Every structure is written in structure tokens, then in C-alpha cells.
Amino acid sequence: MTDAVTRHAELVSELIGDRADAWDVAGELPRDLLVKLGASGVLCAQVGPEHGGTGLDSRAGGELTALVGARCSSLRSVMTSQGMAAWTVRRLGGLEQSDTFLPRLTSGDLAAVAFSEPGAGSDLSAMETEIADDGTHVVVTGRKVWITAAHYADLLVVFGTYRGGATAVIVPARAPGVRITRVANPLGCRAAGHADITLDAVRVPADHVLGGTGLPLPLATTAALTYGRMSVAWGCVGILRACLDAAAAHTATREQSGRVLAEHQLVARHLAELYVAERHATRACEHASDSWDAGSPDMAVDAVHAKYVASREAAEGAARAVQLLASAAALDGHVVARAYRDAKLMEVIEGTSEICQLILAQHTRKPAQHTRRKVQA
């Protein structure tokens, strides 16, 4: 770990302690915790020092994300949201917008990124939220659903149609016409602050429109989604590590038929598969982060691959952990029970597994991107 990651890891460990289970049951993260982590740089650690951040590269940021994900997926989800907001400002906004909004995201303000709509989940081309010019302002009208961290947010990064294309606009969460309604009893990441957002002719200054112009929808959305997929993937590595630790500890001490569970062959098989799942997901994430840090043209598809692999492995790995711990993991608030619910949600957010499969399949139809090896006789 770098010194910055070690410092952040120590702060995360201190602030979370053993409270994640209680937060999950209550469905709420303490706001002072989020503000402190935001101001310390943990929530968007890849923002540069010039804007108050730590400036971690993707690999170091990923390891920090995994560490948070192993302790509390709800907190990691808020971390993903904050990082997506910052990355969207950096990618779509101008220099003045970065200088205005990024320091807010590294000093304690919290942000949520609003993509999904009632009729536009996986198919973002069906997005109906409208950003319309109105002199020195724009008017934002639409409805967003299942927006992570919206319950806690000070700023909303809202995607919508604009000038024949699409873009994102920064909307203060308490602006007139904004209504945020908490999603009740979500399956996983219960404390991540998922909420629906109604935007009823909300007026914001025109300089809140990132970049100031409309963009092709894929270009506008891919910037934020790629960051989100990377963060979710590394968070799934954390889920797998938590499950592996819990399963290894339980099976090393629980006795059955005169010997500890880990010595039973069928149990050992589950442990081996959990270990392989964690290694598989970690390697996929490391490759995607290296691609990101190198500025590779395959960065976006590598992020999709990492998200697909890691979320699938996390869902299957958490199920194995439940099987190994049996009734011990069947209680609300237990780390493995929490992982089981959280991991399933990871196969849905930031592009479902099916959408990831379609993107990866489309990538195989681009032969120029593949090097064919000659078979040696």
C-alpha cells in the first residue's frame, strides 16, 4: 500500500469499527461519518491535490475501495457515488467547473449521480429527463429512480437530454422543485441512501451544465459509468475477501464428526472455490486499473469485464460462504448475510450482468483489437 492508502485505511478502520452490521440493520449511515470521510479524501481519492484530493491512481484507489467494501458495502456505495460525481465533473466539465465543484466534493459535500429512470434503466437511450435553456439558467424536469446516496446528497449530478444530445447538470439537492424520496427496504446496501428523485422545473445557473453543450449519449454516460463499474468491481473484491475471512475462520474452529469443518473434503472444496473467486476478481480488477492508468483505448471494456467477473464471483462466493456458515450466517446483520444480499445487487447496478455480456460480446466482433497468435508446428 502507498502511504496515502495506508493512512486512509487506518481512518476507515477506526471510523467503521464493528458498526457496519448495525448500520445495515438500521438502514442509515451517520452523516458525520460521511462528511468526515469526504473531507479526508477517502470518498473520491482519485481527485488530484490541486482540488483537495489525494490523487491516487486507479490501482491504489481500487485497493482502498476493496478495503472499504470488505467492511461495509453501503459505505463503499456512497464512495462509488462520490467518485463517479467527481470523475464526471473532470471528464465532462471545463476547468472552471472543476475548480468550482471538485473542492466541494473533497471538503465534505456529498454527491449522487442520477442516471436511471422509470422507463430508462439498462436502456439509457430512453431517458426522458430534459435540461432546457432558459436565458442565464437551465430548467431541469424529470424523474430518477434508485439513485445511490441521494438520501445524503448535497449535490445531484443529473443526466438528461440537452440541445439535441445529452449531458449532466449539477443540481443542488435542496433547490426548489427537487423532491427526494427514500427507497424503502432495499435488498442490499441498505444504508447506501438509495432514493427516487423528482425534478419539477428546477432552475439552476447555466454554468452548472457540464461542458455547456449537448454530447452524444454514449459519450456523456460512459465517462461516469466506467468509473462506477471500476468501483463496484473493486468493492466486490472486498466482499469476497470478507466472505473468505469469515468462512476460513468458521470452518477452522467449528467441529463436525470429530474434526474441524475445514478438514472435510466437500467443505474444503468450497473454501478453495472462494479463494479462486477472490483471486479471479482481483486479477480482473488489477488488469482494468492498469488499463485505466495507462490510458488504454480498451479501458471502458476492461472496466465492464472487471465488473462482470467480480460481481458474478461475489454473488457466487457469498452464497458459498452462507453454505459454509449455515445458520451462523442466517441472521440479519451478520457479515456474510450482509454480503449475500449486497453481492446480488452488484450484479444489477452500473449495468446488469446481461448488459455487460452484450458489451463484451460486441467487443469480440472487433477483430482489429485482437492479436492472433500463430500456432507453432
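How far does helix 5 reach from its first C-alpha to its last? In this predicted model, helix 5 covers residues 73-92, so count along with me on the screen: that's 20 residues, and the reach is 28 Å, close to the 28 Å expected at 1.5 Å a residue. Now, is helix 5 mostly covered or mostly open? Mostly covered: 18 of its 20 residues are buried.

Okay, let's zoom out. The protein chain has 11 helices and 9 strands. If you draw a box around the C-alpha atoms along the principal axes, you get roughly 80 × 60 × 40 Å. What radius of gyration would a compact globule have with 377 residues? Near 21 Å, and the protein chain has 21 Å, so the two agree. Of those 377 residues, 55% count as buried.

Take the contacts with a separation of 6 or more: 74% of them are between residues 24 or more positions apart.

Next, what does the record say? UniProt, in an unreviewed entry, has a feature called "domain: Acyl-CoA dehydrogenase/oxidase N-terminal" on residues 10-109. In the model, that span is 69% helix and 0% strand, and its end C-alpha atoms lie 22 Å apart. The unreviewed entry also puts "domain: Acyl-CoA dehydrogenase/oxidase C-terminal" at residues 222-363. That stretch is 79% helix and 3% strand, with its end C-alpha atoms 15 Å apart.

Last stop, the aromatic rings. How many aromatic pairs does a search of the whole structure find? It finds 4. Let's look at Phe 115 and Phe 159. Their ring centres are 4.4 Å apart and their planes sit at 20°; under 30 degrees counts as stacked, so this pair is stacked. The pair links distant parts of the chain, with the two residues 44 apart. Phe 115 is in the loop between strand 1 (111-114) and strand 2 (130-134), while Phe 159 is in strand 4, residues 155-162. Buried or exposed, these two? Phe 115 is buried, and Phe 159 is as well.

One more thing to click on before we stop: Trp 87, Tyr 227 and Trp 292 form one aromatic cluster. Find Trp 87, then go back to helix 5, which runs over residues 73-92.

Technical notes: Residues numbered from 1 in each chain as written. Predicted model: local features only at pLDDT ≥ 70, side-chain atom pairs only at ≥ 80, totals over all residues. Heavy atoms only, no water. Helix = DSSP H or I, 4+ residues; strand = E, 2+ residues; numbered from the N terminus. Expected span 1.5 Å × (residues − 1). Buried < 20%, exposed > 50% of the residue type's maximum accessible area, 1.4 Å probe, protein only. UniProt positions renumbered as here; feature names shortened; annotations may be inferred. Phe/Tyr/Trp six-rings, centres within 6.5 Å; stacked < 30°, edge-to-face > 60°. Rg over C-alpha atoms; globule rule 2.2 N^0.38 Å. Contact = heavy atoms within 4.5 Å.
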